[in-house]
Amino acid sequence: EALSLEGVSFSYHEGTPVLTGIDLRIPAGSHVGIIGATGGGKSTLLNLLLRFRDPSEGRVTIDGVDLRTLALDDLRRRIGLVLQDVHVFPGTVLDNLGGDANAARRALDTLGLDLPLDRTLSEGGDNLSRGERQLLTFARALVGDPEVLVLDEATSAVDPATEARVQDALHRLQAGRTTVTVAHRLRTVRCCDRIYVLSGGKIAEAGNHEELIARGGLYAALSQLQLGAVT
């Protein structure tokens, strides 16, 4: 599924734009990253992609169809969302994955997560490791077999000991799907096909990691701050 923002502007309050003139096309099956400083418009752009908000100007489309013309249930089935905050509900693993045993088992097996469906989880998932809790949220997104995957800081709280496992599961989750990753950390997006740098509600830079480093602009400066070197 291809996603597009066409001439999109948005204001929470009239006269105070948060996004201005955003033109962005995400080809089907591609993986794009969206980064920027706090307040740059990342969360607002995410809200528009998920239709939690509608643009003040322009339109957001999926395969050329304006999101405002789609039933919300249909849109929600087509887009899977994984958030930074991990929510585990009291009940079984199956309860946390929607109740369809076959779909739940397929999702867990795809991600390499060996959890019995009848295992009882405490509220907040305190009886799971941090990595298992994160992988459970991936499985929750995978159960519905979404065409588009949106990751909002989905791995930012993962400790280094489990990061490799989580990243491997994430690659499996993304396979064959259009993926949008919103992140603060550059290492989360450096392998994306294309990276968009938001600043002041506009797209300040766009390109892959190597192109943006070579440009020596905002992305390169962020890379030096976060990674200690421009590479």
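## Salt bridges

A search of the whole structure finds 8 salt bridges. A salt bridge here is a side-chain nitrogen of Lys or Arg within 4 Å of a carboxyl oxygen of Asp or Glu. Side chains of opposite charge can pair when their charged atoms come close. The model is a predicted one: local features need pLDDT of at least 70, side-chain atom pairs count only at pLDDT 80 or more, and totals for chains, interfaces and linings use all residues. Residues are numbered from 1 along each chain as its sequence is written, and side-chain values use heavy atoms, with hydrogens and water left out.

One of the pairs is Asp66 with Arg68. Their closest N and O atoms are 3.1 Å apart. Asp66 is buried, at 13% relative accessibility. Arg68 is partly exposed, at 36%. Buried means under 20% relative accessible area, exposed means over 50%, and partly exposed lies in between (1.4 Å probe, protein chains only).

## Pairs within helices

Helix 6 (residues 160-174) holds both Arg172 and Asp168. Helices are DSSP runs of H or I with at least four residues, strands are runs of E with at least two, and both are numbered from the N terminus. Arg172 and Asp168 sit 4 residues apart, about one turn of the helix. They form a salt bridge, with the closest N and O atoms 2.9 Å apart. Arg172 is partly exposed at 37% relative accessibility. Asp168 is also partly exposed, at 36%.

Salt bridges with shared partners join Asp74, Arg78 and Glu147 into one network. Within it, Arg78 bridges to Asp74, and the closest N and O atoms are 3.8 Å apart. Both residues lie in helix 2 (residues 72-78), 4 residues apart, about one turn of the helix. Arg78 is buried, with a relative accessible area of 16%. Asp74 is partly exposed, at 26%.

In what order do the 4 strands of the open sheet lie? The order is 2-1-4-5, and the pairing is antiparallel. Strand 2 (16-26) and strand 5 (65-66) are the edge strands; each pairs on one side only. Two strands count as paired if DSSP finds at least two bridges between them.

Strand 1 (residues 3-13) and strand 4 (residues 57-62) pair in the antiparallel sense over 5 bridges. Ser9 has Glu57, in strand 4, as its bridge partner. Helix 1 (residues 42-49) lies across strand 1, strand 2 and strand 4. It runs at about 120° to strand 1. Axes are lines fitted to C-alpha atoms, for helices over the stretch in contact, and angles run from 0 to 180 degrees between N-to-C directions.

## Cysteines

A disulfide is a covalent bond between the sulfur atoms of two cysteines. The cut-off used is a pair of cysteine sulfur atoms within 2.5 Å. By this rule the count is 0 disulfides. Cys191 is in no disulfide; its nearest cysteine sulfur, that of Cys192, is 7.6 Å away. Cys192 is likewise in no disulfide.

Are these cysteines buried or exposed? Cys191 is exposed, with a relative accessible area of 72%. Cys192 is buried, at 5%.

## Asn96

Asn96 lies in helix 3 (residues 93-96). Asn96 is buried, with a relative accessible area of 3%. Which residues does Asn96 contact, leaving aside its neighbours within four places in sequence? They are His87, Val88, Phe89, Gly91, Leu121, Leu136 and Arg140. Contact means heavy atoms within 4.5 Å.
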